[in-house]
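Work through the exercises below with the sequence and the model side by side. Try each task before reading its solution.

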Amino acid sequence: MSVKELKIFCGNANRELAEEISEYLGVPLGEAKVKRFQDGEIAIEINESVRGADVFVLQPTCNPTNDNIMELLIMIDALKRASARRITPVIPYYGYARQERKSRARDPITAKLMANLITTAGADRVVTMDLHAPAIQGFFDIPVDHLPGVPILAEYFLNKGLKDVVVVSPDLGGVQRSRNLAERIGATLAIIDKRRPEPNVSQIMNVIGDIQGKTVIMIDDIIDTAGTITQGAQALMDRGAKEVFACCTHPVLSGPALDRLEKSVIKEVIVTNTIPLDPERRIPKIKTLSVAPLLGSAIVRIHEDLSVSKLFS
């Protein structure tokens, strides 16, 4: 790896993860400052030369979403104007991914708008993880490396040595992800049939599959208000499950999520650090796994023009 040509920068969204990736690669974080003027405008200072460099910018667009998006766009623009050879935003969590289609008349498709903004700012390719809708990759006119979080979660559960396990998808849309985890850990599959009358509200209708007396692992890409995952866990226990674990790639954990998880029947919640968790949100039930080795390996392979898919074969 040519360290002279590879540079890693980050905004304020998840500096801890950026430092982990920097340590994993043995490449120091680039010297950059994110400042704010009195009126709230964002200013970026790049304090080292990036001319001809292969630059990666680590910045999940999580809460505060709009501030983090603007930091990312302005940093890309600054690097482009400083003559970086290639700029790759590394966006572990892609904000606005749940606004990827028109559900009603006059709805925006904000996930597509995000793709347009990132491309227009000057990005040459994008690295992201577990998009809420994989079709979002098609919103970009530049290459997208879409990394799965399931292998990280699967390794954790394999090391726990659980017996008689069934993986449960919390809805029909998550069946592929759930099947992937089940195959990796040698478990069976079940599905919760639910309906969602309005955003962040779900009603459990039925459970498809055998969960009686079994250890259940519920998996989703995002845990937001935790209503779906906690209601699902209770429904599974009521139908005879032995114990319930929950896992996801992106711990959004907004509103009543932490209180719901603490009071739920879920034994343990396994998440990754695509989104940083403040100390007050790190409750005992939550176990955080690092995505730094995965993202670091992907960065190396992109930098050396090697296949990223080989990481999962």
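This is a predicted model: local features need pLDDT of at least 70, side-chain atom pairs count only at pLDDT 80 or more; totals for chains, interfaces and linings use all residues.

Residues are numbered from 1 along each chain as its sequence is written, and side-chain values use heavy atoms, with hydrogens and water left out.

**Exercise 1. Find the order of the strands in the open sheet and its edge strands.**

Step 1. Helices (H or I, at least four residues) and strands (E, at least two) are DSSP runs, numbered from the N terminus. Two strands pair if DSSP finds at least two bridges between them.

Step 2. The open sheet has five strands, in the order S1-S4-S5-S6-S7, with parallel pairing. Strand S1 (6-10) and strand S7 (144-147) are the edges, since each pairs on one side only.

Step 3. On average, neighbouring strands are turned by 20° against each other, direction ignored. Axes are lines fitted to C-alpha atoms, for helices over the stretch in contact, and angles run from 0 to 180 degrees between N-to-C directions.

**Exercise 2. Decide whether the residues on the two faces of S6 are buried or exposed.**

Step 1. Buried means under 20% relative accessible area, exposed over 50%, and partly exposed in between (1.4 Å probe, protein chains only).

Step 2. In a regular strand the side chains alternate between the two faces of the sheet.

Step 3. Val 126 and Thr 128 on one side of S6, and Val 127 and Met 129 on the other, are all buried.

**Exercise 3. Describe how H1 packs against H8.**

Step 1. Helix H8 (residues 292-303) lies across S1, S4, S5, strand S6 (126-129) and S7, at about 160° to S4.

Step 2. Helix H1 (residues 15-25) packs on H8 at about 55°, with the axes 9 Å apart. The two are therefore oblique to each other: angles under 35 degrees count as roughly parallel, over 145 as roughly antiparallel, 65 to 115 as roughly perpendicular and the rest as oblique.

Step 3. Contact means heavy atoms within 4.5 Å. Among the residues that meet are Leu 17, Ile 21 and Tyr 24 in H1 and Leu 295, Ile 299 and Val 300 in H8.

Step 4. By class, the H1 contact with H8 holds nine nonpolar, two polar and one charged residues. Here Ala, Val, Leu, Ile, Met, Phe, Trp, Tyr, Cys and Pro count as nonpolar, Asp, Glu, Lys and Arg as charged, and the others, Gly among them, as polar.

**Exercise 4. Locate the cis peptide bond and the positive phi values of Asp 130 and Leu 253.**

Step 1. Most residues other than glycine have a negative phi, and most peptide bonds are trans.

Step 2. The cis bond joins Asn 63 and Pro 64, with omega about 0°. Pro 64 sits in the loop between S4 and H2.

Step 3. Asp 130, not a glycine, has a phi of about 40°. Asp 130 lies in the loop between S6 and S7 and counts as buried at 9% relative accessibility.

Step 4. Leu 253 has a phi near 50°. Leu 253 belongs to the loop between strand S12 (243-251) and helix H7 (257-263), and is buried at 6% relative accessible area.
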